[in-house]
Amino acid sequence: MKEPGLDGRHRDKDGEISRKHGNTLVSTLRKIYGKSFAAGYLDSTKLSDVLMQLNETSLSQLRRDHGTGHLDHKIKDASK
């Protein structure tokens, strides 16, 4: 079941924005989470591509890894 969320978007019960938003660009996420978010990826890279390359399950997990400093390590490993 979906419930109304931020900016009229719908969120699943766990608060995640629908997966159809995988076309969000890294440049947009950097405006929200800071310029260093997903460093090493072009601004034009889609969220869905970053998640797939880093074997992340969601934007929430990607944000947690960014906040704890683990994202940089995962990006370096993925580029090898």
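**Figure 1. Overview of the elements of the protein chain in the predicted model.** The protein chain holds 4 helices and 2 strands. Read from the N terminus, its elements follow the order β-β-α-α-α-α. The protein chain has 80 residues, of which 26% are buried.

**Figure 2. Packing of helix 3 against helix 4.** The axes of helix 3 and helix 4 (residues 70–78) are 5 Å apart and form an angle of about 110 degrees. Helix 3 is therefore roughly perpendicular to helix 4, since angles of 65 to 115 degrees count as such. On the side of helix 3, the contact is made by Leu62, Asp65, His66 and Thr68; on the side of helix 4, His70, Leu71 and Lys74 take part. By class, the residues of this contact comprise 2 nonpolar, 3 polar and 2 charged.

**Figure 3. Ser58 in the loop between helix 2 and helix 3.** This loop joins helix 2 (47–54) to helix 3 (59–68). Ser58 has a relative accessibility of 15% and so counts as buried, the cut-off being under 20%. Its side chain reaches the backbone nitrogen of Gln61 at 3.1 Å.

**Figure 4. Asn55 in the loop between helix 2 and helix 3.** Most residues other than glycine have a negative phi. Asn55 is not a glycine, yet its phi is positive, at about 55 degrees. The relative accessibility of Asn55 is 67%, so this residue counts as exposed; the cut-off for that class is over 50%.

**Figure 5. Ala38 in the loop between helix 1 and helix 2.** Is Ala38 buried or exposed? With a relative accessible area of 1%, Ala38 is buried. The phi of Ala38 is near 55 degrees, which is a positive value in a residue other than glycine.

Note on methods: Residues numbered from 1 in each chain as written. Predicted model: local features only at pLDDT ≥ 70, side-chain atom pairs only at ≥ 80, totals over all residues. Heavy atoms only, no water. Buried < 20%, exposed > 50% of the residue type's maximum accessible area, 1.4 Å probe, protein only. Polar contact = N/O pair within 3.5 Å; in protein donor to acceptor, adjacent residues only side chain to side chain. Axes fitted to C-alpha atoms, helices over the stretch in contact; angles between N-to-C directions. Parallel < 35°, antiparallel > 145°, perpendicular 65-115°, else oblique. Contact = heavy atoms within 4.5 Å. Nonpolar A, V, L, I, M, F, W, Y, C, P; charged D, E, K, R; others polar.
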